[in-house]
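The following exercises concern a structure to be examined alongside its sequence.

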Number of protein chains: 2
Amino acid sequence: MPDPLYRQIAEDLRQQIESGELPPGSQLRTELELREHYDASRNTIRDAVKLLITRGLVATRPGQGTFVVDKIEPFTITLDIKTGFGEGEDTAYATEVIAGERTPAVSAPRIEIQPASMAPELGLDETAMVVSRHQQRFIDGIPWSLQTSFYPMHFVEQGAGQIIVAREMSDGVVRYLEDVLSIKQAGWRDKITVRAPDQVETAFFRLPQDGRVPVFEVRRTAFQESGTPLRVTVTTFPSDRNEFILTSGDVPDNAHPGADDNALPVEGSA
Amino acid sequence: MPDPLYRQIAEDLRQQIESGELPPGSQLRTELELREHYDASRNTIRDAVKLLITRGLVATRPGQGTFVVDKIEPFTITLDIKTGFGEGEDTAYATEVIAGERTPAVSAPRIEIQPASMAPELGLDETAMVVSRHQQRFIDGIPWSLQTSFYPMHFVEQGAGQIIVAREMSDGVVRYLEDVLSIKQAGWRDKITVRAPDQVETAFFRLPQDGRVPVFEVRRTAFQESGTPLRVTVTTFPSDRNEFILTSGDVPDNAHPGADDNALPVEGSA
DNA sequence: GGGTATTTGTCCGTATGTATT
DNA sequence: AAATACATACGGACAAATACC
């Protein structure tokens, strides 16, 4: 029994793309032309194109057409910055970004006071509140990631008033907390999952609205030496233009071509 | 301007699910019933259901109906096993799996000789060949991951003949290479990406055939102390039932509930 | 095992809306 | 303003998978 028609058509188009017959950036024939070519209905053509979108091979633009995606060199995000130098990761990142040839940008933070249930990893009481600092981040002008950090509200009452000011902190919040409250970040735990984007994410990353392109969610819980969590940082990245690299043990610097060329941190000066 | 109808319907059903009105495992009304209830066409209902499938909330079973998915406790995969003990990660994993309360299983490896282009990270000549060892891996009987390891063919000619034998190596190939050829693994680099599953993966993981549920691909390149790659291991995991954890610095053992309960390694005795 | 009803999967044709040029 | 192309929505038909008698 053969595959369904829409999958046969998708397969045919996929081969044309991967063989180079349809190079990146080129335009596919319109749905009506494909309809005649394959002797199928327009809906069937659309089902085939949807499959190619899911696989990241093409993108549709209303009023224009369907295009083979330009293979963006993916942003490479390193998750295992060497620590133990007595610094938070925030400052280390700045130099990493400069080392790459891409130019990062970050929006001013949007500050909110929210219930502690937004960041259960902090282990706070149900009635407690947290400060959230939300930022949009770009690389070379491309929407790159959305990041929200949560801090216990009692940090503010203890004297760290700057974290509820909607201005970027050039040295990073982690450094600030150490300076003001002597709260030191000893390590962190990342949880990486993949899920469909929410409405905010589809809008910011300009993803197809039906959730076919998922996002990475990196949930970083950072701890003091005592084991008490000091912050939770949630960062989302569209999965179609990001990859993660992490190393263990002794590894040569340029192990495979292109892997390190665009090395980027997972966190800026949040 | 309101959202499209199919998204409104999806939103309504989503709320019913997340509010508990439609508990996990329960069956949704049939497409024809929903069609009457929302006064929409069957295709529009189907578009709404497709969205819910993409978001991992429901699953359809031909001939039966549409069901709210049972929330599987995700498999947690730790990527940062402490090294420096002079052991490969393979043996360390065995104990980790036993520590968890889930029972792993692995198929006998399928061995193939393939061109070196299958694993460009090994940096071999175009005309060279590699040995691939492919395994299916299960947790509690659930298809969990597909793994293929690539080794330079010249390892066999140098005396490591066991790696082309289609039998599991209880102590791991890495250990074997060290014993026979004194080739020692000094570290590795992981690249984590997300993509649509191929046909083999959709069949093994029983994912929807239109590629709505992506898979994690973890590409591990392991190096000798000299910096020469000794193997490439590619492992894929369905993203709807796996998450990755990695830590840096000092982190308490049980930082957030459930995170470590099912700790699993990314590699078995490949 | 066979037959039938139910339910989802595929495919068609058509009409209208919306974004872009 | 008009033309083009994708997005949404409708309705209908048959196939395939499953469950049940």
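**Exercise 1. The two sides of a helix**

Task: Determine which exposed residues are carried by the face of helix 2 of chain A turned away from its buried side, and identify the buried residues of helix 2 (residues 31–38) of chain A.

Solution. Step 1: the face turned away from the buried side of helix 2 of chain A carries the exposed residues Leu32(A) and Glu36(A). Buried means under 20% relative accessible area, exposed over 50%, and partly exposed in between, with a 1.4 Å probe and protein chains only. Helices (H or I, at least four residues) and strands (E, at least two) are DSSP runs, numbered from the N terminus.

The model is predicted: local features need pLDDT of at least 70 and side-chain atom pairs count only at pLDDT 80 or more, whereas totals for chains, interfaces and linings use all residues. Residues are numbered from 1 along each chain as its sequence is written, chains are lettered from A and ligands numbered from 1 in the order in which they are written, and side-chain values use heavy atoms, with hydrogens and water left out.

Step 1: the buried residues of helix 2 of chain A are Glu31(A), Leu34(A) and Tyr38(A). They cover an arc of only 60° around the axis, so they lie on the same side of helix 2 of chain A; the arc is that of the directions from the helix axis to the C-beta atoms. An α-helix has 3.6 residues a turn, so residues three or four places apart point the same way.

Step 2: these buried residues pack against helix 1 (5–18) and helix 3 (42–54) of chain A, where contact means heavy atoms within 4.5 Å. Just after helix 2 of chain A, Asp39(A) takes a positive phi of about 55°.

**Exercise 2. Salt bridges**

Task: Find how many salt bridges there are over all chains, and describe the one between Arg42(A) and Glu31(A).

Solution. Step 2: the side chains of Arg42(A) and Glu31(A) meet at 2.5 Å, N to O. This pair links distant parts of the chain, with Arg42(A) in helix 3 of chain A and Glu31(A) in helix 2 of chain A, 11 residues apart. Arg42(A) is partly exposed at 39% relative accessible area, while Glu31(A), at 17%, counts as buried.

Step 1: Glu217(A) forms a salt bridge with Arg195(A), the closest N and O atoms being 2.8 Å apart. Here Glu217(A) lies in strand 9 (residues 215–223) of chain A and Arg195(A) in strand 8 (residues 187–195) of chain A, 22 residues apart. Glu217(A) is buried, with a relative accessible area of 13%, and Arg195(A) is partly exposed at 28%. Step 4: a network of salt bridges links Glu121(A), Arg195(A), Glu201(A), Glu217(A) and Arg219(A).

**Exercise 3. Aromatic pairs**

Solution. Rings of Phe, Tyr and Trp (its six-membered ring) pair if their centres lie within 6.5 Å; planes under 30 degrees apart count as stacked, over 60 as edge-to-face and the rest as tilted. Step 3: ring pairs link Phe75(A), Trp144(A), Phe216(A), Phe237(A) and Phe244(A) into a cluster.

**Exercise 4. The two copies**

Task: Identify which rotation superposes chain B on chain A.

Solution. Step 1: a rotation of 180° with 0.0 Å of shift along its axis superposes chain B on chain A, with RMSD 0.1 Å; the superposition is by least squares on the C-alpha atoms of residues with pLDDT of at least 70 in both. The two copies are therefore related as by a two-fold rotation axis. Step 2: of the residues of chain B, Arg212(B) comes closest to the rotation axis, at 3.1 Å (C-alpha). Step 3: 100% of the interface residues of chain B are also interface residues in chain A, so the copies meet through the same surface.

Definitions and conventions. Salt bridge = Lys/Arg side-chain N within 4 Å of Asp/Glu carboxyl O.
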